[in-house]
Amino acid sequence: MPQWGGGWVPPAAPKPGVIPLQPLSLGDILGGAFAAFRRYWKPLVGMVLAVQGIAILLVTLAVGIGVAVVFDRFSTVFDLPPGESAADEDVMALLLAFVPAAVLLLVTMMVGAALISALGPAVVQEAVLGRPATFGAMWRRCWSRLPSVLGTVLLAGLIAGAPMLLVYAIGIPLVIMSADGSGPPAGLFVLILGVLLCLPVSVWLATRLSLAPAAAVCEGLGTVAALRRSSHLVKDGWWRVFGITLLGYFVAMAAGYAIQMPFTFIGMAAFLPSMMDAGESGPDASVAIAGLGVYVICIMVGGLVSSIFQFGFPPLVLALLYVDLRMRKENFAETLIAATPQTAPATAGATPPAAPAGTPAPTPPPADAPSADQA
């Protein structure tokens, strides 16, 4: 019997993973990023901790070697009688000893940023289809795409930062010259005006190139090709990409702050009573130091835990934006649906029914379907 008053309702898009396979809304992107982080937290946390741990270990080792090399010169620079100044060669030796550590810190920061930028697309490749992902698979995937992703991070940073670097190169000397009266008095005004004019250009360029790491990981593109691909995808949708990206970073910072607050309260709860007890019973340095130590440890642990989410969440948002733009512009949803794994039998150990005679074999998924081992 016909039902009066009803309308045709289109069938819901398939959702094998964390997002429906259709053009995504803002809620789909943010909700998919949270779902991906919750479902794949083990490889995400493991990768972020591994990157941070390796970076801290390498920098600490470089600093330790530098201290050991110039240890004898510390007394000649910092332990001098009143009225004496350190020799220039001793000061220069101390500075040069820590140059390798500073260079290593810069290199590890760039490599770590590239690995984490590659981690989001690598996880999303599996999350949109609901496939499992392990730490080992994600590490191999990110490491294999590291050269291209590192190139996109460096080149995009240079391109987006070029206008601001030009402003500083011109404005800062003018400000220095204005300070002693030998230059134009409007040097500071020129610097501020240049920043106001060039900052929007840098933001525009950074947004146009923000999806390059996702293109490098998911499509196996080189550095320049990935930057061009990102610029093509973001074209005609700049404001949407900018707004969702900014919101993703804001959500990551807010959630990271909320994660860190309990650790801060625990540290304060341990530190303040120890200070009050020390004040009532007289100066007791050991009590104050113990309380301060607990507070510092809590702050460090809270910062480490919150940084995992702050570093891991924005790349997931950018990767889902990349998938969304491909579904909007290239009908990528059909490719994803074709690559969706078949549903397993409901009963354990049951075998699927045999196909009728003459049924054609299923068509294999397209070659460009996302995979953990193939871009």
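**Exercise 1.** Is the crossing of H5 and H6 left-handed or right-handed? Describe how these two helices pack.

*Solution.* The model is predicted, so local features need pLDDT of at least 70 and side-chain atom pairs count only at pLDDT 80 or more, while totals for chains, interfaces and linings use all residues. Residues are numbered from 1 along each chain as its sequence is written, and side-chain values use heavy atoms, with hydrogens and water left out.

Begin with the elements themselves: helices (H or I, at least four residues) are DSSP runs numbered from the N terminus. Helix H5 covers residues 99–127 and helix H6 covers residues 135–144, and they pack at an angle of about 125° with their axes 9 Å apart. Here axes are lines fitted to C-alpha atoms, for helices over the stretch in contact, and angles run from 0 to 180 degrees between N-to-C directions.

Next, classify the angle: under 35 degrees counts as roughly parallel, over 145 as roughly antiparallel, 65 to 115 as roughly perpendicular and the rest as oblique; H5 and H6 are therefore oblique to each other. Their crossing is right-handed, a term used if the near helix is turned clockwise from the far one, whereas left-handed means anticlockwise by less than a right angle.

**Exercise 2.** Which residues of H5 meet H6?

*Solution.* On the H5 side they are Leu115, Ala118, Leu119, Ala122, Val123, Gln125 and Glu126, and their partners in H6 are Met138, Arg141, Cys142 and Trp143, where contact means heavy atoms within 4.5 Å. Sorted by class, this contact has eight nonpolar, one polar and two charged residues; Ala, Val, Leu, Ile, Met, Phe, Trp, Tyr, Cys and Pro count as nonpolar, Asp, Glu, Lys and Arg as charged, and the others, Gly among them, as polar.

**Exercise 3.** Why does Ser306 count as buried, and what does Ser306 touch?

*Solution.* First locate Ser306, which belongs to helix H12 (residues 285–330). Buried means under 20% relative accessible area, exposed over 50%, and partly exposed in between (1.4 Å probe, protein chains only); because its relative accessibility is 2%, Ser306 counts as buried. Not counting residues up to four places away in sequence, Ser306 touches Gly256, Ile259 and Gln260.

**Exercise 4.** Where does Gly220 lie, and is Gly220 buried or partly exposed?

*Solution.* Gly220 sits in the loop between helix H9 (212–218) and helix H10 (223–234). With a relative accessible area of 36%, Gly220 is partly exposed. Finally, the C-alpha atoms of Gly220 and Ser148 are separated by 8.4 Å, although these residues are 72 residues apart along the chain.
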